[in-house]
Amino acid sequence: MLADRIRQMSAPHWLALYGLVLLCWLVLALMAVPPDLRDVARVFGGDFWEAFCTTTPDAAGYLRLWIMWGLMSGAMMAPTALPALATYDDLGRSTETDLGALLAGYLAVWLGFSALAAGLQIGLFGLGWVSAFGDSRSALLSGGLLVLAGAYQFSALKEACLAKCRMPITFFMAHWNEGAWRNGLRLGAVCLGCCWALMLLGFVGGVMSLGFMGLATLVMTLEKLRAGAWITRPLGVVLIGAGLSVALLGS
């Protein structure tokens, strides 16, 4: 059984998906190069990479920030959706499926989130609440985002979204007649319902922090597994405690 699953997930379309995720992480790593080391970027294409890796809101502008958030969403959220995508691929053995259309719908939702997040970053930067690289300069902002994310861990909406992510076969069968694209949009919306608050903690941990992105990806992936139910509420307690501590000690 395990050998069959390994063979199935090493098919060309799966390898293409893995390559896309790795490419997103690679580009994010290049964009995270510190300003004093940006000359290294010339190795990868001259002035284009030097300009593309300028992620400060005042220098990069909205479009590049949207691209950056889109890359972050692709790098972080595609791995969390692998169980659902594998379930959908399994269904292709007995009926017609379109994994590409499903994935396109899924990523379209996260591109919409990225557009909003990029606008939020520009707004927070304009208010002086985040630095040029997206990390919080305000104890109240950091504390508020941590408390918000922690409180959301206990919400009925998050629980409902996680339940769908943990039982993808039930989710797909309930909406099967709507087609791959619309199922992808639904899957993306459910995933967004699970993860939006944790994604916004990038403003606390550092929007361009590879360490934060890696840790957040791991946590969000584990939460969506059936055995991940034990993570959700304890994590909420930790986040609320951290948020209150940051807000009180920093004020």
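Residues are numbered from 1 along each chain as its sequence is written, and side-chain values use heavy atoms, with hydrogens and water left out. Because the model is predicted, local features need pLDDT of at least 70 and side-chain atom pairs count only at pLDDT 80 or more, while totals for chains, interfaces and linings use all residues.

**Aromatic pairs**

A pair of aromatic rings is described by the distance of the centres and the angle of the planes. Rings of Phe, Tyr and Trp (its six-membered ring) pair if their centres lie within 6.5 Å; planes under 30 degrees apart count as stacked, over 60 as edge-to-face and the rest as tilted. By this rule there are eight aromatic pairs.

| Pair | Distance of centres | Angle of planes | Class |
|---|---|---|---|
| W69 and F113 | 6.2 Å | 80° | edge-to-face |
| W69 and F203 | 5.6 Å | 50° | tilted |

Each pair links distant parts of the chain. W69 belongs to helix α4 (residues 57-80) and F113 to helix α6 (residues 99-126), 44 residues apart. F203, in helix α11 (residues 202-205), is 134 residues from W69. Helices (H or I, at least four residues) are DSSP runs, numbered from the N terminus. W69, W110, F113 and F203 form one aromatic cluster.

Both W69 and F113 are buried (under 20% relative accessible area, with a 1.4 Å probe and protein chains only; exposed is over 50%, and partly exposed lies in between). W69 has a relative accessibility of 0%, and F203 is also buried, at 1%.

**The largest pocket**

A pocket is an open set of points on a 1 Å grid over the protein atoms alone, where a 1.4 Å probe fits, with protein on both sides within 12 Å along at least five of seven lines; lining residues have an atom within 4 Å of a point. Helices α12 (210-223) and α13 (229-250) each give two or more residues to its lining. The most come from α12, with five residues. The lining has nine nonpolar residues (Ala, Val, Leu, Ile, Met, Phe, Trp, Tyr, Cys and Pro), and no polar or charged ones. Among them are L198, F212 and M220.

**A buried asparagine**

N183 lies in helix α10 (residues 180-199). N183 counts as buried because its relative accessibility is 1%. Leaving aside neighbours within four places in sequence, N183 is in contact (heavy atoms within 4.5 Å) with L102, F171, F172, H175, W176 and E178.
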